[in-house]
Amino acid sequence: MSEQEMQYTAKDLAASLDVTTSTLRRWAIALESAHYPFQRNEKGQRIYTELDIATFEELKKLLGEKMTFADAIQQLTGHTKTNEKKSETEKLNVTAEELEKLVSRAVKKAVKKEREKLFKQLKKQMKKERDKLKEKS
């Protein structure tokens, strides 16, 4: 955030939106739970920027158009709790498939490495035996 960007308190923002501070807090909590990031001051209180004001104005407009609160939050942030759970499950499935491939590749690589190591040892041993035979002859 640039130093020149205006910052607003909850009280100021609530007044400009013509809502109560408790309504603003409820909206902010819902947005945060949908991964909307708010700036915070050194006391941990939310500080609102022009972008946040535009977001709250859009939320108020959507609610005025009779959109459900959950749908309005989802439209503004692109996140819903259902979608998050679904995408986490999909990540797990993808991760499981990727893990299977990674393990398979790692096992093949380890087997190849071990095989090469055994061949080197065998080659060394055969050379020693051959040298012993030469000495005896």
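In this predicted model, a nonpolar surface patch of about 320 Å² is made by Leu99, Val103, Val107 and Val111. Such patches are made of residues with over 30% relative accessible area and no salt bridge, with nonpolar side chains (Val, Leu, Ile, Met, Phe, Trp, Tyr) joined within 5 Å and like charges joined within 9 Å. Accessible areas come from the Shrake-Rupley method with a 1.4 Å probe, and for residues only the protein chains shown count as cover. Valine 103 counts as partly exposed because its relative accessibility is 43%, where buried means under 20% relative accessible area, exposed means over 50%, and partly exposed is the range in between (1.4 Å probe, protein chains only).

Residues are numbered from 1 along each chain as its sequence is written. Because the model is predicted, local features need pLDDT of at least 70 and side-chain atom pairs count only at pLDDT 80 or more, whereas totals for chains, interfaces and linings use all residues, and side-chain values use heavy atoms, with hydrogens and water left out.

The chain has five helices and two strands, and along the sequence these follow the pattern α-α-β-β-α-α-α. Helices (H or I, at least four residues) and strands (E, at least two) are DSSP runs, numbered from the N terminus. Of the 137 residues in the chain, 20% are buried. The chain exposes about 11200 Å², and 54% of this area is supplied by carbon and sulfur atoms. Among contacts between residues at least 6 apart in sequence, 49% join residues at least 24 apart, a contact being defined as heavy atoms within 4.5 Å.

Helix H2 (residues 21-33) packs against helix H3 (residues 50-64) at an angle of about 100°, with the two axes 12 Å apart. H2 is therefore roughly perpendicular to H3. The contact between them is made by Leu24, Trp27, Ala28 and Leu31 of H2 together with Thr55, Phe56, Leu59, Lys60 and Leu63 of H3. The axes are lines fitted to C-alpha atoms, for helices over the stretch in contact, and angles run from 0 to 180 degrees between N-to-C directions; angles under 35 degrees count as roughly parallel, over 145 as roughly antiparallel, 65 to 115 as roughly perpendicular and the rest as oblique.

Threonine 55, which is placed in helix H3, counts as buried because its relative accessibility is 11%. When neighbours within four places in sequence are left aside, threonine 55 is in contact with Leu31, Tyr36 and Leu76. The C-alpha atoms of threonine 55 and threonine 77 are separated by 9.5 Å, with the two residues 22 residues apart along the chain.

Five salt bridges are found in a search of the whole structure, a salt bridge being a side-chain nitrogen of Lys or Arg within 4 Å of a carboxyl oxygen of Asp or Glu. Glutamate 32 forms another salt bridge with arginine 46, in which the closest N and O atoms are 2.9 Å apart. Because glutamate 32 lies in helix H2 and arginine 46 in strand E2 (residues 46-47), this pair ties together parts that are 14 residues apart in sequence. Arginine 46 is buried, with a relative accessible area of 18%.

In helix H5, glutamate 129 and lysine 132 are three residues apart, so they are separated by about one helical turn. Their side chains meet in a salt bridge with an N to O distance of 3.9 Å. Glutamate 129 is partly exposed, with a relative accessible area of 38%, and lysine 132 is partly exposed, with a relative accessible area of 47%. Elsewhere, salt bridges that share partners join Glu32, Arg40 and Arg46 into one network.

Positive phi values occur at two non-glycine loop residues, histidine 35 and lysine 66. Histidine 35, in the loop between H2 and strand E1 (39-40), has a phi of about 75°. Lysine 66, in the loop between H3 and helix H4 (69-77), has a phi of about 70° and is exposed, with a relative accessible area of 74%.
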